[in-house]
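The following note sets out points to check against the structure, in order. Please keep the sequence and the model side by side while reading.

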Amino acid sequence: MSADRPLRTRSQQRSTTAQPSRHSATSAVEVRRSARRRRTVSAYRDGDRTVVLIPARMSEAEEQRWVTVMLDKLAAQESRRTLGDGELAERARRLSEQYLDGRARPASVRWVTNQNTRWGSCTPAEGSIRLSHRLKGMPEYVVDYVLLHELAHLLVPGHGARFWRLLESYPRTERARGYLEGVVAADRLPHLPAARGE
């Protein structure tokens with residue numbers, strides 16, 4: 001986390017680090033280490049920051065990993081709670097303004113349940129964007145990436161170099177693509193029978 005030595009308060013150590021901007025308005029993470037906390041990790045939003053509570057004995061690498069896990073969990077919970085079709089359309093408008101200079105203006109943006117082999121689709125002639133219901137509950141940055149991907153298709157129909165240049169300004173493109181590839185790979189794994197007693 002922070003390269004500075006963390007401050008100590010009683011049994012806790014705290015450190016703060018800036019995180020990539022999220023549309024949930026969270027811009028910083030405060031990590032609190034506690035000697036009383038043995039194994040559990042938890043997190044919550046506190047205004048414009050996220051507080052992550054971890055055991056004091058955790059290494060820096062474990063801390064980094066758990067901060068990422070907890071940010072994704074909180075984002076998934078918020079995405080699941082708040083995004084209806086209206087919010088999705090508003091999110092598309094904000095993403096277009098932020099990353100595409102407002103040039104992509106969809107006529108409609110909605111969730112659909114009939115897309116099981118793709119994450120999103122776009123019909124440029126109609127200006128319509130549809131996102132698969134399977135994205136619900138995924139981290140915000142993943143939903144934003146798919147939405148931005150479809151917004152870019154309103155401007156460039158194919159997947160050529162011009163299309164990918166439009167997505168270069170979104171800082172979490174590679175991470176979101178990796179997340180989605182991981183979901184697809186996990187779906188292809190054989191499902192093992194549950195052990196007895198489960």
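A contact, as the word is used in this note, means heavy atoms within 4.5 Å. Helices (H or I, at least four residues) and strands (E, at least two) are DSSP runs, numbered from the N terminus.

1. Basis of the model. This is a predicted model, in which local features need pLDDT of at least 70 and side-chain atom pairs count only at pLDDT 80 or more, while totals for chains, interfaces and linings use all residues. Residues are numbered from 1 along each chain as its sequence is written, and side-chain values use heavy atoms, with hydrogens and water left out.

2. Confidence. The predictor's confidence in each residue, from 0 to 100, is called pLDDT. Its mean over the protein is 80, and 78% of the residues reach 70 or more. Over residues 1-12 the pLDDT stays under 50, and the model has 25 contacts beyond four places in sequence for them. Residues 194-198 also have a pLDDT below 50, and this stretch has zero contacts in the model beyond near neighbours in sequence. Where pLDDT is low, the predicted coordinates should not be read in detail.

3. Overall organisation. The protein has five helices and eight strands. Along the sequence, their pattern is β-β-β-β-β-α-α-β-β-β-α-α-α. Of the 198 residues, 42% are buried, where buried means under 20% relative accessible area, exposed over 50%, and partly exposed in between (1.4 Å probe, protein chains only). Among contacts between residues at least 6 apart in sequence, 43% join residues at least 24 apart.

4. Helix 2. The expected span of a helix is 1.5 Å times one less than its number of residues.

5. Which residue takes a positive phi of about 55° just after helix 2? The residue is Asp101, placed in the loop between helix 2 and strand 6. Asp101 is exposed, with a relative accessible area of 64%. Most residues other than glycine have a negative phi.

6. Helix 3. Helix 3 is mostly covered, with 14 of its 16 residues buried. Val142 is found in helix 3 and counts as buried because its relative accessibility is 0%. Leaving aside neighbours within four places in sequence, Val142 is in contact with Leu135, Ala176, Tyr179 and Leu180. Val142 and Tyr179 are 37 residues apart in sequence, yet their C-alpha atoms are 7.5 Å apart in space.

7. Helix 5. The 16 residues of helix 5 (residues 173-188) should span 22 Å at 1.5 Å a residue, and the end C-alpha atoms are 23 Å apart, which agrees. The buried residues of helix 5 are Thr173, Ala176 and Leu180. They cover an arc of only 75° around the axis, which puts them on the same side of helix 5. Glu174 and Glu181 are exposed on the other side. The buried residues of helix 5 pack against helix 3 (140-155) and helix 4 (161-167).

8. Nonpolar cores. A nonpolar core is a set of buried Ala, Val, Leu, Ile, Met, Phe, Trp, Tyr and Cys residues joined through side-chain atoms within 4.5 Å. The largest has 30 residues, of which Leu131, Leu135, Leu147, Leu148, Leu151 and Leu180 touch the most other members. Two or more residues of this core come from each of helix 2 (85-100), strand 6 (108-112), strand 8 (128-132), helix 3, helix 4 and helix 5. Helix 3 gives the largest share, nine residues. Apart from this core lies another, of 11 residues, among them Val29, Val31, Met58 and Val67.

9. Strand 5. Arg49 is in strand 5 (residues 49-55). With 24% relative accessibility, Arg49 counts as partly exposed. Arg49 and Glu30 are 19 residues apart in sequence and 7.0 Å apart in space, C-alpha to C-alpha.

Notes: Arc of directions from axis to C-beta.
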